[in-house]
Amino acid sequence: MGEPVDRCLPGQDCVLEALYHRLFEASADAQFVVAVEGEHFRYLRVNDALVKGTGIPRSVMEGHSPAEALPAALAPLIEEQYRLCLRARQTRLYEQHFLLPAGQRCWQTRLTPLVDDASGEVRLILGTARDITELRAFTQTLVSVADTLPGFIYQLRRDADDHWSYPYVGKRVEEMFGVSVAEAEADAEALIGLIHPDDRERVIRESLACAERLTAWHSEFRMYHRDGRLLWLEAHDVAQRLDDGSLLWTGYANDITTRKSLEERSAVTDRRFQLLVENANDIIYTLTREGRLEYVSPNWSEMLGLDAGAALGQPLLDFIHPEDRPAVAAFLEALFDSGTKQQGVEYRMRHGDGGWRWHTSNASPMFDEDGSLATCMGIARDITERKAMEEKIRHMAQHDPLTELPNRALFFSHLDKAIQLALRQRQPLALMFIDLDKFKPVNDTHGHGVGDRLLIAVARRLEARLRASDIVGRIGGDEFVVLLPLVSGRDDAHGVAVTLCEALREPFAVDHLTLSVSASIGLALCPEHAEESRILAHYADRAMYLAKERGRDQVVVYGEGRRRR
């Protein structure tokens, strides 16, 4: 038989070792290798992501034990996890809150024991860790609003290796499906597996398609309760792509079984159905082929503050926001042209108080005795609160919860678009990385509450010194970023950076305290230094660290050998 395809040829060992080292260092996740020496442990190698995420230098970690490398309160907890992994001789996954030089963080860590083929003993432990602080903070925000809603809020994650999980599920999921929160979070299939077989493939396909475009997803589909009951669900969510390539959906699902049963009834003349229509929470209406209202249920007046009788004979489009009329017109055209049910159109309806209310509508054709299509019947639901919730969730997913500034994902989305426009128009732009000097002593002396309010004050001062077209974001801890999309050149951008440096040097009044910090600012320009956001950010970050090395409280432009204050 031939040689195995993965066997190294002579002279390849050093090449493969270099490749493994490069993959190890390039990983977005923090990675480390621990040597097992009896009951003791020692770090053999750590990658750049771990150094940056923890704030612990490589020289302090490599070659040293946890007790030598980590904070005193943290080392025993970490060593205990290593012992549990060693005893079980299998992969161990755990979460832990750490107080590190980089601040209070929550990390999810996976430990994998590596068994020596010759001795059968565990000689090494491979660790992979991910900072999930922001994810856990957002989850807590979801928990605070979940219990007030009739449905349930969820976060669904799909890792790059196609593993699905629920980082968060609202507790009403057990009432709706008979599945506990613990079961859903332990195994996503416990919940996803209840989707009706005829709907499951469509739901996943549509959700992934919207996630690829980063557009909102909305769908109606069937799910089973564990007791066998068939339910109709309406779900809305928004997706975001995380730095490690995984997708995270944040959304809301509600039971619409009653509404679906109502929609399937077509005989308004049936007295029992008529009574239901008259007392429904949704607006029931019929339209002629010309789009004029032929009937509206009494709650038209209650929901819209308008006279129901006066609406009859009027074009439906007259009550709809001008921006939404094309979508509704296309919706009605599709219904009457195809003679089939249409659903899910969303639009704003005029209210008697002068404002607008968001509605969603489904409509079905109504045929005469001779089979001709003359009218349609529709059901409209007020979704104003849901739209506000969606907007709130979208805002929370894209903004730093403390300062309300754009977070990393939103800021770099703005940066990507700004670079494309700048290159098209041949107009320079500038990117700044700002790191506060002397911020840690504020936290240590006055506590994190004061530190948080200082960060808010810094954010407001940065905004006050910038133009409306400029964008400032917070990407973690005391790190800020600034995008200047319209600059005349290097000197113009440098002048703005110096202005911000001087502004942050001025004392801050926080809780009857006078606090002083300064800033180290790194500056990089497009297209002078780079034409791609990741590279431009890397250069601005390097310039910021150079500003710190040169004594802090100054601006450094990437590539400059001399100081500029």
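Predicted model: local features only at pLDDT ≥ 70, side-chain atom pairs only at ≥ 80, totals over all residues.

My entries follow, from the whole chain down to single residues.

**Entry 1: the whole chain**

I counted elements and got 21 helices and 22 strands in the protein chain. Of its 565 residues, 48% count as buried. For contacts between residues at least 6 apart in sequence, I found that 52% join residues at least 24 apart. The accessible surface came out at about 28,700 Å², with 52% of that area belonging to carbon and sulfur atoms.

**Entry 2: the cores**

Which residues have the most contacts inside the largest nonpolar core? I got Met432, Ile434, Leu454, Phe480, Leu484 and Ile521, in a core of 36 residues. The elements giving two or more residues to this core are β16, α19, β18, α20, β19, β21 and β22. α20 gives the most, with seven residues. I also logged a second, separate core of 29 residues, which includes Tyr166, Met223, Leu231 and Ala253. As background, nonpolar side chains in soluble globular proteins tend to be buried together.

I then picked Leu484 and listed its contacts, skipping neighbours within four places in sequence. Among them are Leu429, Ala430 and Met432, plus Ala493 and Val496.

**Entry 3: helix α20**

Since α20 had come up, I looked at the helix itself. It covers residues 490-505, 16 residues in total, and reaches 22 Å from first C-alpha to last, close to the 22 Å expected at 1.5 Å a residue. Its buried residues are Ala493, His494, Val496, Ala497, Val498, Leu500, Cys501, Ala503 and Leu504. What covers them? I found that the cover includes β16 (429-437), α19 (448-464), β18 (479-484), β19 (508-510), β21 (518-526) and β22 (554-557).

**Entry 4: the five-stranded sheet**

Next I traced an open sheet with the order β17-β18-β16-β21-β22 and mixed pairing. β17 (471-476) and β22 are at the edges with a single partner strand each, so one side of each has no neighbour in the sheet. Ignoring direction, neighbouring strands are turned by 20 degrees against each other on average.

I zoomed in on the pairing of β21 with β22, which is parallel over four bridges. Ser520 stands opposite Gln554 in β22. Helix α21 lies across β16, β18, β21 and β22, and runs at about 145 degrees to β21.

The loop between β21 and α21 holds Pro527. The peptide bond from Cys526 to Pro527 is cis, with omega near 5 degrees. I flagged it because most peptide bonds are trans.

His529 lies in that loop too, between β21 and α21 (533-549). Is His529 buried or exposed? I got a relative accessible area of 15%, so His529 is buried; the cut-off is under 20%. Leaving aside neighbours within four places in sequence, His529 is in contact with Arg490, Ala524, Leu536, Tyr539, Val557 and Tyr558.

**Entry 5: β15 and its partners**

β15 (residues 373-382) is mostly covered, with seven of its 10 residues buried. β11 (residues 283-288) pairs with β15 in the antiparallel sense over six bridges, and Gly378 in β15 is the bridge partner of Tyr285. β14 (residues 356-367) also pairs with β15 in the antiparallel sense, over nine bridges. There, Asn362 stands opposite Ile379. The hairpin of β14 and β15 has five residues between the strands, and Gly371 takes a positive phi near 90 degrees in it.

**Entry 6: Ala129**

Ala129 is in strand β5 (residues 122-131), and counts as buried at 5% relative accessibility. Beyond neighbours within four places in sequence, its contacts are Asp29, Ala30, Trp107, Gln108 and Thr109. I also checked Ala129 against Glu95, 34 residues apart along the chain: their C-alpha atoms are separated by 9.3 Å.

**Entry 7: positive phi**

Last, I went through backbone angles. Asp162 has a positive phi of about 70 degrees without being a glycine. Asp162 is in the loop between β6 (152-158) and β7 (164-169), and is partly exposed at 43% relative accessibility.

Arg426 is another non-glycine with a positive phi, at about 55 degrees. Arg426 is in the loop between α17 (408-425) and β16. With a relative accessible area of 77%, Arg426 is exposed.

Technical notes: Residues numbered from 1 in each chain as written. Heavy atoms only, no water. Expected span 1.5 Å × (residues − 1). Buried < 20%, exposed > 50% of the residue type's maximum accessible area, 1.4 Å probe, protein only. Contact = heavy atoms within 4.5 Å. Areas by Shrake-Rupley, 256 points an atom, 1.4 Å probe, with all protein chains shown as cover. Core = buried A, V, L, I, M, F, W, Y, C linked by side-chain atoms within 4.5 Å. Pairing = 2+ DSSP bridges. Axes fitted to C-alpha atoms, helices over the stretch in contact; angles between N-to-C directions.
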